[in-house]
Amino acid sequence: MSISSFIQTESADSTRTTRRIKVEVKNLSFSYGERKALNDVSFEVEEGTIAGILGPNGSGKTTLFRILSTLLPLTSGSVKLAGFSYPAEGALARSVLGIVFQSPSLDKKLTVEENLQHQGHLYNLHGKDLRQRIDELLELFHLSERKKDLVETLSGGLQRRVEVAKGILHQPEILLLDEPSTGIDPAARREIWNYLFTLRNEFHLTILVTTHLMEEAERCDKVLIMDKGKVVAWDSPDQLRSLIPGLILTVRSSTLELLEQEILSLGRTPIKVNGALVVESKRGENYSSLLQFAANLLEKQPNSISALTIAQTSLEDVFLHLTGHQFLIGEKEDETGY
Ligand code: ADP
Ligand code: MG
């Protein structure tokens, strides 16, 4: 069996000229009582894309994840998953989804293999088919040698691998992951991403992953940047970075007001962030002219500048550029499962 045998929508003809849209979200809004968590969200994800949903805490990522996982009701707008409308064709939509939650969902007192077997039974997979599928996945995720081990004896990174294997056991077309790097170290994080790349490249799986980590967003084919429930941008990391031409100058100081005035008087408009001022280079400006500007600033205010850095544009700068405020990642991740 292959992933393609599960594709149940549209005729082959319709895919010849255009790529398939696997996730279609239109004018989606959602409120918890008075609090608006999603505000008119629209985007489409093509087959075989890794789409990142990036935003600071509280921006609506998990709410969007829950609606796409069909765990929250649709109250406004429309959602289609592999062509199936939610909620009208909810059961079909669910059948094409694989879901990996932020909080662990494995039974730690069972072995790796037993966890996968139980998941298979939930999807009505049994016997030889199920055994074969489990073996393939154990091999794909380099877990074969650990299949008889209790999940509780596995490292966090290995457990996350089992979670992903469990999520795709029934051969979904779309894999949704909520903050898959939570609680695992950087090396395990890189590993998980390598597996996601394999799932995209070899099985054309469409993958949606929420994250508040810029380095993860950088690995996605396209990034949906969210802020306060709204879509701020939806594009590839390269395209997003090209919104800001060139370099970013960051000036740290304990006397920001004074420095801000100085920068304004030198003909630039800084953006104030936590303890620093950010100056974007101008379109078409060459590097030496920004360096010259930095040198002038240092000359004029030698004592009020504690650090001065010039760096390539990051997605964090793009967020600041688009929203006018900093991407706050210092906040404690909420522990309520939101
Ligand atoms: P994120 O995952 O980006 O941190 P969420 O989707 O969890 O964002 O939250 C979006 C907004 O909705 C936040 O203001 C959050 O406080 C609020 N919210 C989330 N879940 C609930 C809930 N169950 N009840 C009330 N408000 C909620
Ligand atoms: Mg969240």
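Student: How are H3 and H4 oriented to each other?
Tutor: This is a predicted model. Helix H3 (residues 112-122) and helix H4 (residues 127-140) pack at an angle of about 130 degrees, their axes 10 Å apart. Angles over 145 would count as roughly antiparallel, and 65 to 115 as roughly perpendicular. H3 and H4 are therefore oblique.

Student: Is the crossing of H3 and H4 left-handed or right-handed, and which residues of H4 meet H3?
Tutor: The crossing is right-handed. From H3 come Val112, Glu113, Leu116, Gln117, Gly120 and His121. By class, this contact has five nonpolar, three polar and one charged residues. On the H4 side, the residues are Leu130, Ile134 and Leu138.

Student: How are H5 and H6 oriented to each other?
Tutor: H5 (residues 156-167) and H6 (residues 186-203) pack at about 20 degrees, with axes 9 Å apart. The cut-off is under 35 degrees. H5 and H6 are therefore roughly parallel.

Student: How many charged residues are in the contact of H5 with H6?
Tutor: H5 contributes Gly157, Arg160, Arg161 and Val164. H6 contributes Ala188, Glu191, Ile192, Tyr195 and Leu199. Five of the contact residues are nonpolar and one is polar; the charged ones number three.

Student: How far apart are the C-alpha centres of domain 1 and domain 2?
Tutor: Domain 1 covers 4-236 and domain 2 covers 245-312. Their C-alpha centres are separated by 41 Å.

Methods
Residues numbered from 1 in each chain as written. Chains lettered and ligands numbered in written order. Predicted model: local features only at pLDDT ≥ 70, side-chain atom pairs only at ≥ 80, totals over all residues. Heavy atoms only, no water. Axes fitted to C-alpha atoms, helices over the stretch in contact; angles between N-to-C directions. Helix = DSSP H or I, 4+ residues; strand = E, 2+ residues; numbered from the N terminus. Contact = heavy atoms within 4.5 Å. Nonpolar A, V, L, I, M, F, W, Y, C, P; charged D, E, K, R; others polar. Domains from an automatic or database assignment. Left-handed = near helix turned anticlockwise from the far one by under 90°.
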